[in-house]
Structures are given as C-alpha cells and as structure tokens.
Amino acid sequence: MTTKQATPATDGITAVKPGIFNEMRTKDGLHPDYVALDGWLKKSTLKDLDRKLADASRLFNRRGITFAVYGESAERLIPFDIIPRAISAADWKVVSTGCIQRVRALNAFLDDIYHDHEILKAGIIPEKEILGNKLYNAAMQGVDVPFGVHSHIAGVDLVRVSPTTWYVLEDNLRTPSGVSYMLENRAAQRRLSPEFFLNQKIEPNDHYGDVLRNALRDCAPAGVDNPTLAVMTPGAANSAYFEHGYLANRMGVYLVEGRDLVVENKKVFARTVTGLEQIHVIYRRIDDDFMDPLAFNKDSVLGVPGIFEAYRAGNVTLANAIGNGVADDKATYLHVPAMIRFYLGEEPILSNVPTYKCSDPSELKYVLEHLHELVVKEVHGSGGYGMLVGPAANAEEREKYKARLLADPSDFIAQPTLALSTCPTFVAQGIAPRHVDLRPYVVSGKDVTLVPGALTRVALKEGSLVVNSSQGGGTKDTWVVVESA
Amino acid sequence: MLSRIAGNCLWLARYLERAENTARLIGVAQTQSLMPEYHGGDPRPWRWLVDVAADDQALDKLPSHNPADAALELLIWNRDYASSIWSCLRAVRENARTARSRLTNALWEAANTTWIEARALDRDTVQARGIDDTLGWARHRCMWIRAAIHDLLEDDCAAIIAAGRAIERCDNTIRVLRAFVPAMKRDGAESKKPGTPGHRLWEAMLSAASVQDWYRKIYPEIGDLNSTVELIARYPQQPRSLVLSARKLEKALSHLSVAGSTTCLRRARDLVASIDRLAIGELVEDPERLSGLLLQLYSISDAFGYEHCGNDPPSQSQSQS
C-alpha cells in the first residue's frame, strides 16, 4: 500500500454520496457513536493506519485466522478493516429483537412443516412451494427435536439503507459461518486500539462460545443431564476449518470429523484413545447431503453411516437440524413476515427486501424488463455466487443471465438494487466509504438470544455491493455502543 | 481424546523434538567441520550427521564432493524430505492445526508463528542470515513451543505428547550412540587428552547428545567413553538419557492404558528392561546391540498407532514413519 506520511487520514471520510446512507457522517453531521473514532482518525496519518494494518495482519497471521478458497491451495487471511463500525444501543435493540423474532418464527415454521403443516393448511403459504421445494426433506417428517429448535445457530443478513431502515437480506439457518471473525475482530481491535474501549462503553461479545455451549447443552436428548458435545467439521481443507476448531476450543468440546464417529445401536460414539465415548450433541458444519451416506448422498465420505437413524431415534441432537434449507432459501424468504404473524401473532420488526418471484409470469416480465436495475439471485444460492448485480453488469452479462433465467424462472428471485449504507474503510487509496452488511448470530436453546455485536462484512472494491469474503469482501469489528465518548 | 487427534499430538511432539535435535546436530557437525583434522572437505562430520539425522538412503546419496552443502540442503530447507527442519516445523504446525481444539492458544500461536517464519527458509535466506543464527532461531522456537506444551492439562493429550517426545528422544539418542561409539573407538584414542582430535571428537559426542553441560559435573575423568555412554544411555537424571526417555514413555503409555495392559505398554516395559540390562562395557564393545533397541522402539510406535490412534494393524515388517 502506498501512502504519504503527511496526508491526514481523514481526507476521504467526508465523502458522502447522494442517496447513500453514510453511517458515520449522516446528513445531520457526525453520528454521536463515531465521535471517538473521528477524533482518532483526525489525529492519525495514513502512515499510522498503515502501521496498524500491518500490526493487524501480523496478529491475524500469528493466530492463524485464515480461510481457504476452493481451488486455491494456500490459506488466506480475511481482510480486516482497522476502522470499526459503531451501532447505537437503540439501533441494536431494533436489530436484535427483530432477529430474535424472525428466528423464533422460522423455528416454529420448520417444526410445523415437519409435523402438522398448519401454515400450509391455513393457506398462508402454498403447499407446493414447501412440499415441492427440493430442500424440503421428507425424511424429517415427524422427527421431534428438543424445544422445537431446528436452527440453533442462525445468521441473519441485514442491510441498512437509512438511519431507521434495516432490511433482512436473507436468513441462514443451515451452517452460517463467520462468527469466529466477529470474535477475533474484537480481540484484535482491543489489542490494536485499547483506547477506544477505555473512552466509551462498548458491549463485549466474547461470551458467544458459552452462550452457544449452553444452548447446545439445553438441546441434548431427553434424559441426558451432562451431554458430551462435539463440533463436526468436513476437515482441515474446508474453507471454514479455522472457525470449526475455534468454536470447539471456545466451548471446550471435541472437534470431530465423520471418520471419528461410529453409530452402534442407534447411538453415536467417538473413537477415543480409551475406547468409544457417546456423543449427545453435534454442532455440525457439514451439509445435510453429506451427513449420512445411508440416508442421503451415498457417495459421501464426510458423514457417518447411520447417524440419521440415531437422530430420528432421539439419541443425538444435530445442530442445526436436517432439512432447514427449505426455510432459508430465497423463495421461502418471501413468506417470513407471514410466518411471524401466523406463529407469533406479532408484526415483523424487521422488513424483507421487496422481492420479485420469477416463477410468477407477471413478475418475471417485470424482472426481464428491469434487469439493468435489479439484483437477481438463485433461490438456492449462497456465498455471493451465481448472482447478477444488474447495474454493475454489462449488456453481454445481462443477456447471458437472462438466458439462464428463462430456462428455469422458478430458480430465481429478484430484488431492487439497494443503496447499502457505507462506513469509513481503510483501503489502498486511503479512507473511503464502502458498502457494508451486518450478520448477527442468533442462538436458540431453551431461550433465543444473541450476543451484542455482529459480523460486519464490507465490500472493499469501490462501488461494489458484494460483501462475501469469497468475492473480495473484508470484515470489521462491530461495536454496540452503550455510552458514547 | 479422539484417536485421530491422538495421532496429530504424537506427531506434533515427534516433529518438534526432531526439528530441535536436527538443529543441534547440524550445529555440532558444522563446528566439527571447522576443526583442522577435517580440513580439506573431509566428509566425516557430514556423514555422521546424515547417519544420525536422516535415513540410510540419504547417507548413500551424500556426494563425496561438497557433502556439507548437500547435508545442509537436505536437513534444513529441503521441501521434499520429511525430516528437514523446514518440513518438521511445517508438520508441527499442521498437526497443531488439526489438533487445535485440544491445545492452548499459546501453543497454537507458537507453532503457527514459527511456521510463518520457517516458510521462508531456503538456501538464500539461510546464507543471508548465517547457519548459526538460523539454527539458533530454530532451536529457540522449538523451546518456545515446548514451553507452551508445559501448560497443557495433564490429561491424555499431555500423555500422548510426552510419549511422542520420549519416542523421538530414544530414537535420537540411540542413533547418536550408534554413530559416535564406533567413531570414538576408531578415531578417539586420545580423547582424554585435551587439544587432540580425539578429545574434540569426544566433545562433539557430548554436544550431539546434548550432555555437554552435565558430563564434567558428574564424572571426574574427562574423555572417558564408558562414562560418556553411561551418561547418554543409562544415567537416570539426565533428561535425554535413553533410560529416562524409555521410562517416561512407559509412564505416558500407562496413563493411556486405563483398561489394562496394552501391547505398546508391554513393549515399552520390555524396552525399559532391555536398557536396564544393558552392560555399558558390552555396548561399547558391540554398538550393533543398539539396533535391537531401535527395532523395539519401532514396534512400540507401531503398536501405539494401532491401539491409540486408529491406524491399521502394523505389518510384520516394522517401519519407521
């Protein structure tokens, strides 16, 4: 990175684009939660920030906070931005209660569609959309799970477009990743800039591991008072392996691969140095299809033969449950506000992004006519792959995508291109506003809760709206500010 | 503790010990090669080094011309040779990464940071830094990781790491004895006379076995081969002695064998008994007896892998991993 020592670091942070909400510099001036940060940036030169960034890189390297990208042999550091994001306690209250409400409804929905189908019978959601969804897993029909919790760990992706408007972009109810970055970002920020934490009250988030541990213990099979827990990973080559080990470590539980487990008499055991030990709760980071070659993908070598039978028999809890994909795909997403009303009798606190169903011919027509201004996504896609950002695509890219869309419209939804809020970010050119999203992690056991804080993902490329780490995104420490400086 | 992770912990400990041993041994050979009796490119210091720190095939391939360069390349930065310092430190890190959930953050960071720096080891960086400095760095890094190991819980994981370290120490000590006892008998006639090549060879033997700080505190007569072998093999307070390492191995395996005696534990007990029975004079007379101990060690390692790490049953022919 090239910098000039004399250049004040604050040069770029006043850049406010019309129509885009800048979280630090609103139209009313500097946001109170950014006062301390503003003071620090004003005192810093770009060279100071470069040094901080180098310190952060060393720290992350030393701690091995890496991720792997498919097709690349070397591990990568996820880019960490040294300028944190601040969220006021009042804003956080809206976000957290909204996310909790959403996850309660989604868990109720999952338990319902795998039992009595009340919401389908009531005509709230068309039956064929759920029972005909390829992610609906008929083998889960009638399976009871402790407390009706199907998604023990949910990552709710939010974007902000104004001081008071948050939209839910999607719900991740299967294997949401990134929480380790939320925690390690905080640890790094505290080491790099302890003064921030002395001068203002920022809610700690370090207890996430214990919150998760308690929730998983809550959901142990009936009659097990002191369950043995494990995190299940596909292995060291997986992109999120760091996180798997990290969480196992924070919870003080086994980190297992499929080959470490064996099923006997419908119970799951780990092969240990002193023999077999029963495992009661598995936080699995392996997709449904690969969990059990006897029940699902017969070619899977990552899973455990017979584990689904043990699960059905109630002898092991899988977190998250099998079959959650039907609730977090982008077609079902449309119905979450209705689920909240149906199961909880409440009005949604957080809004969905207005969404066009391409399976509906009239909506498809609109989408095709407005491709240049919409974001189109695969219904079952994730990770920022397979989507079209209309305004950023050229005519050829749009034409290619159009052909895919027309081939199977029901595989796609479209949304308006939102003006995601920006936060000041340290990039090669200096400090500049970059678009961000927010992923809080909702943990469900006996209670539904979340630690104050979330993962902020930032699109490091100028103008980009794609925040995924696999697509060049970075992360920021995210503060919930109780008391500003 | 998971059997698979047990294997990672065992090899973490073995490679860590091996990296440190190799760094120490290279330093000894390097110093020795600077002595007047080895001037003119005498290959002997490099031959014993490769004999101790590498495998038989490597020794056969050591060129007569410029063996120093070949030995340093093989043992410090070779990417393909599993026992080079570079490969050992990588293996320490990779095993720590897989076993991370059973380790402390301090231990993981020590292993990971060491590897981040070790990655750059190659001919150019070693030349720029100097061999001595490079070896010193490697040894200190190993000591740092070892210090972090001391803070582990005294549970299965610590027992397995202790077993790995003990196996590697036994292996290294036997190999040092096997290389140096014949050399001393051949070239160490004047070992009791300071300033002679024989005395310097004896000093090299002490350093190779890492007992140079102890010998003079324990034995009145310098340069005595029998006393040296006793210190290296049978002195129970000497931290790298064969007998102490074997007893530590037995203790670690006892910890793991809660359900009764296992094959590897029985074999470890046999090894301790073999060492206890060893007559120093006979060993000096016939150093080939040491090869029998090495085979016993291999059989323990194989049984350990089968009984505790979930490896396939060992084949009839024992092999060293």
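Modeller: A:Leu261 has A:Ala270, in strand 12 of chain A, as its bridge partner. Helices (H or I, at least four residues) and strands (E, at least two) are DSSP runs, numbered from the N terminus. The model is a predicted one, in which local features need pLDDT of at least 70, side-chain atom pairs count only at pLDDT 80 or more, and totals for chains, interfaces and linings use all residues. Residues are numbered from 1 along each chain as its sequence is written, while chains are lettered from A and ligands numbered from 1 in the order in which they are written.

Strand 11 and strand 12 of chain A run antiparallel and are joined by four bridges; two strands pair if DSSP finds at least two bridges between them. The open sheet to which they belong has three strands in the order 11-12-13 of chain A, with antiparallel pairing. Strand 11 (261-264) and strand 13 (275-278) of chain A are its edges, each pairing on one side only. On average, neighbouring strands of this sheet are turned by 40 degrees against each other, direction ignored.

The contact between the chains takes 20 residues from chain A and 20 residues from chain B, two residues being in contact if their C-beta atoms, placed from the backbone, lie within 7 Å. On the side of chain A that touches chain B, two or more residues come from each of helix 2 (46-63), helix 9 (241-251), strand 10 (254-256) and strand 12 (267-272) of chain A. This side of chain A comprises seven nonpolar, seven polar and six charged residues. Here Ala, Val, Leu, Ile, Met, Phe, Trp, Tyr, Cys and Pro count as nonpolar, Asp, Glu, Lys and Arg as charged, and the others, Gly among them, as polar.

The domain assignment, automatic or from a database, gives chain A a domain 1 (95-152 + 168-182 + 204-344) and a domain 2 (354-416). Their centres, taken over C-alpha atoms, are separated by 30 Å. Six residues of domain 1 of chain A are in contact with six residues of domain 2 of chain A, and the domain 1 side of this contact has four nonpolar, no polar and two charged residues.

Elsewhere in chain A, the axes of helix 3 (residues 89-113) and helix 12 (residues 336-344) come within 9 Å and cross at roughly 80 degrees. Helix 3 of chain A is therefore roughly perpendicular to helix 12 of chain A. Axes are lines fitted to C-alpha atoms, for helices over the stretch in contact, and angles run from 0 to 180 degrees between N-to-C directions; angles under 35 degrees count as roughly parallel, over 145 as roughly antiparallel, 65 to 115 as roughly perpendicular and the rest as oblique. Residues of helix 3 that meet helix 12 of chain A include A:Leu106 and A:Phe109, and those of helix 12 include A:Met339 and A:Tyr343. The contact of these two helices has nine nonpolar, one polar and two charged residues.

As for confidence, the mean pLDDT of chain A is 90, and 94% of its residues reach 70 or more; pLDDT is the predictor's confidence in each residue, from 0 to 100. It stays under 50 over residues 1-8 of chain A, for which the model has 12 contacts beyond four places in sequence. Residues 11-15 of chain A also have pLDDT under 50, with 13 such contacts.
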